[in-house]
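Good morning, and thank you for coming.

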Amino acid sequence: MSEKPGRERKPKALGIILTFVAVAIGVAVVAILFHAQTYTSPVGTQVAKSVGTVTVNGQTLQHVTLAFNTYPDASGSVDGQAIHPGGNPSWPSYGPTNQFQVPAHALVTVTMRQYDSGGSLNNPWFATVRGTVGSVARINGRLVHAVNPNNVGHTFTVRGAPGTDPGFFVNVPLPAVPGNNQSDNGQYETVIFSFVSGSQGVYGWNCEYPCGTSVAGFGGPMSAFGYMSGFLHVV
Amino acid sequence: MTTAAAPALLEDTQLSSRAGGLYRHQNIVTGLIGGIGLGAIGWALSHQFLQGSNWGTDMVVTVTMAGWVIGLLLGIGAFNAPVLWMLGHDQTHEDELYLAGVGQGPRRYWKFCTDHKVVGVQYLIAVFTIFGVGGTLAMMIRTQLVSAHSSFLGANAYNAIVSVHGMAMIVATIIMVTGPFGNFIVPIMVGAKDMAFPRLNALSFWLLFAAVPPLLATFVLGGVDAGWTTYAPLSVQAPPAMDAFAITILTFAVSVTLSGINIIVTVLTMRAEGMTLNRLPIFTWGAVIGSALGLYAMPAFMVGMVMMITDRVTGTSFFVAAVGGSGWLWENIFWIMGHPEVYVILIPPVAAMLEVVSTFARKPIFAYKVTVGAFIAIIALSIMVWAHHMFTTGWAPDLNGPFMLTTELISIPTGIIFLCVIGTLWRGSIWTRLPMYWAYLFLWNFIIGGVTGIYLSDVPADNYFHGDMFVTAHFHYTLLGGAMIAAVAAFCYWFPKVSGRMLNERIGKVAFWMVAIGIQITYFGMFWEGFEGMPRRVAYYDPIFLHANQMATVGAYLLMAGFVVLLYAIIHSWVHGRPAPANPWHAKSLEWMVPTPVPLENFLVEPVVTADPYGYGEPEPAAPAAEPEREPVPVGSAETTAGEPV
Amino acid sequence: MSSDLAVKTREPDPLPPEKAPFFSRPSGKIFLIWLAMTVVGVLIGFYAPHHLLPTMLSVEGRAVWATVVLLTVLAAPVAAFVYGVGFYSLVAWRQRGYGQSDEPPPDGPPLRGNSGLTILWLVVSGVLVVVMLVWGLAELASENATHPNSLQVDVTGQQWLWTFSYPGAGNLETRSLVLPDNRTIVFHVTSEDVTHGFWPVELGVQVDANPNVVTTIQATTNKLGAFTVRCSQLCGLYHSFMYASGAVVTPQAFAVWLHAHGASALTASDVARVSSSS
């Protein structure tokens, strides 16, 4: 046969190589850039502030504090910081960040403001405070052991990554603001609780109140890391 | 070489400057413009008119992706001829020749081309690309899993990557042999000029092309977090990416269905004179049988996806229990497709590999009829085993026993395939060229994959192993270690015919050993993970599984490196390789009797078949004994009307 | 050109003398390879599962181990035969000097089939299937048999946590799955949202948790120890985090746990009720 096919093959093959490589790399880049990074708010990881030591059950522990809130939507801001920049502004969200860092085996006191309305939990088991000191939380100044499972705004529920301190578990229900008000009108419930952090490692927390869309209310923000889920890093 | 009196070859026909009509201006670029354009129009219209509370972005994504598919097909020219017919016109013979790629040189590979050899090469490049995408994603998965709580990928990203890796690999493995070689080789193997439906052939390729971008788009639409099996109701809960995923499936299923019909009709109706079913090469049987099973399975997938879309977009209640549906309905519909589908993946490459074994053992296929019967038995049984994927779902515990029976029965015809392989090897003259290496690797891998499948078919054992990495290791051994390696053997075998070059075997053998060892390390690591109790599809795992995961990741990197070396061997040989003779392996099937490169319409003289292609060691039958002189027959003469494509 | 089509068969393989020792014939050599590989396979069957599977705490878990051993032992001779013949062919009949050659070696003998061998193959594989089936069905029947005095535990899967409740112990719902030894536990499993996979690993059983239906699986504990419940069905964002700890304890310890641990999870009035009755 004539030489034409051989010569013509070369540019075709090079084009194909480049296309192939480009597509493969392109997909990897898309995957990494758009979604691979664990959502981290511009605030970054909130490192718990040390406020001294405290004695719990005869043990002296370091005492640290964290503060964060839950909002009916991510369009607002906290202390000048957008709650969930780049995210879906109509989705409820924790803010200002969803990642926290605490020392191991320390007493962690968390102060939360819950700005959202709510409703019924899928499983009323999450309406009970668990894993905190005394299994209680201070809600609007009163110590309570559980809230009404039909009036929950969100929950803060934490457990370790597989193999990390399986005994550790904290669940704090956050009551809903009264009425059916979804927008941020400034009303909030104050919830303060303390727990003893576990061993070093990564812990995942998520909300168990179905404030999302679709099946069982766990779609949308409930399934997208960063709105109603995050990490607790114990170092 | 022509004299003044001898007519030119068909592909050297001079066409007028109007031949092809609108097709002259249509190629992949116009296709992309059409796809993006119609997708954008769909997006704008659905955004404007359909953003109601129940419809939201799911409807928008669905309409946009459907617009992309239809727009691409419009832009590439797939609908030109049907529209002409509706207007009462037809295409001229010159138009048909233009469509077959005459006078366009390499540009025809970027267009809607009806020449089955062009479609075969287009499929080949698509297969490489999709494997590249799926393989890149696999490496990201294994990199995440090298440590127990890695922060390389986030939890959303990991699930999305696992889902797309799975679906991309399923797409690639379904078409990896029927696409390139079902199209390029099968018509020549049966003595036909082209396939039965050349236009549908081109359409099936461009449908495949259209199906891939929505799959990749899932990454930017929230990610599919439900695996490639997209169990409901998790997939009903999933972000709008799931709608793009559904469009991918619908489009791909149509592509596979058209391709399957084409192969079956071609083999049934367009065989050359003397090519009885008894003389059919076994690869052709495999392509037909695999495609027939695909025809059974794909509609179930499509139906399931349509129901999924309506559940998500219009609020039907097929799969959501709270409103009267059932996730089990999804699982049944899915696995009614899902199990036969793995045999759609497996049978064509295995049949192609049997050609390799016969050629490189210089012996006939052992127990040819029994092997064909085994393929048929496999597909018949495979439609009755689907609920072995559902042993632990609690759906129908009383059916676990019967499904265990049918599943274990499949090992009998599968065993016949092994008998065929070792019977062909027995006392053969083993010619240790590169394709044979892959055939031996298949033998090693598929025994391991098949045996571990038997563990899973035992219901009490499956009660432990279901949903853990043992299952993942099992199906990677059978699909990658078995089917894909058989496909690589087939590729190395037919590479000289398709590319006109000999594959560099030195580099190929380096790649072979890397891949062979990489497979064992990777998937034995995964069996180890599975024995220890590590679940599937987890981004974070208990550190007790650390060593097994490290072993699997190391193996995966070696495997990837081996495939990259193989890719280099292929590209290097395609560009610089030694020109290949027409029949480098001295094989006996019809594709080796035509010149390389293969002329348009394949045969310069109509073949008449007098024996099957496995006459190794047997004396040649009587005339025709000599290869006829290469006297091209004039185009359009009476002798070439027989067997013309429809 | 006609030479291309001329048939070159190789020299017929030398027939072994009538009284040649079995092990110098191909079938003898393959027998040796087969025997060696079968022994290796059987050893793997006895060694590997024992060391790779976790320590099982139930009858069903032990049955998993036994099944894996049995199937490995049954598969070993089959695999050894295929490997033996395949790789012996490579060693004995590989045509040296043709590895880089464009000329093929001479053709092999035109052996198109052997109906006796095919029938024998079908019969042997059929028998093996029957053996596996009988074993599996027997095991399945014993695992489905109802037991008196079983303990019911309700399992709830929800995104992304397991909770367990003991219907016999009031409103007790807990994150830890504590079970008594030597008892048949019947798990009633359901889900609040999507499909999860309830998999108490070291009990060797699992069943999916589906919304709006209750599925059941049972396990008979026979060993003390700790175990982990994992989720075996992808359920979304935190599927990896969905695990729970469990333990098989003595019946006395179980009773103590039920009252003590359970009490702290009960409401105040339940605590008052339990304290007054104990």
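Domain bounds, as I use them here, come from an automatic or database domain assignment. The model before you is a predicted one. In chain C, that division gives domain 1, made of residues 20–94 + 120–145, and domain 2, made of residues 151–277. Taken over C-alpha atoms, the centres of domain 1 and domain 2 of chain C are separated by 37 Å. Where the two domains of chain C touch, domain 1 supplies ten residues and domain 2 supplies 13 residues. On the domain 1 side of that contact in chain C, six residues are nonpolar, three are polar and one is charged.

Let us turn to the contact between chains. Chain C contributes 19 residues to its contact with chain A, and chain A contributes 18 residues. Which elements of chain C give two or more residues to the side that touches chain A? They are strand S1 (151–158) and strand S10 (243–249) of chain C. By class, this side of chain C has six nonpolar, nine polar and four charged residues.

Finally, I come to chain B. Helix H7 (residues 180–190) and helix H10 (residues 241–269) of chain B have axes that come within 9 Å and cross at roughly 10°. Angles under 35 degrees count as roughly parallel, and therefore H7(B) is roughly parallel to H10(B). From H7(B), the residues Gly182(B), Val186(B), Pro187(B) and Val190(B) meet Ile263(B), Thr266(B) and Val267(B) of H10(B). This helix contact has five nonpolar residues, two polar residues and no charged residues.

How values were computed
Residues numbered from 1 in each chain as written. Chains lettered and ligands numbered in written order. Predicted model: local features only at pLDDT ≥ 70, side-chain atom pairs only at ≥ 80, totals over all residues. Axes fitted to C-alpha atoms, helices over the stretch in contact; angles between N-to-C directions. Helix = DSSP H or I, 4+ residues; strand = E, 2+ residues; numbered from the N terminus. Parallel < 35°, antiparallel > 145°, perpendicular 65-115°, else oblique. Contact = placed C-beta atoms within 7 Å. Nonpolar A, V, L, I, M, F, W, Y, C, P; charged D, E, K, R; others polar.
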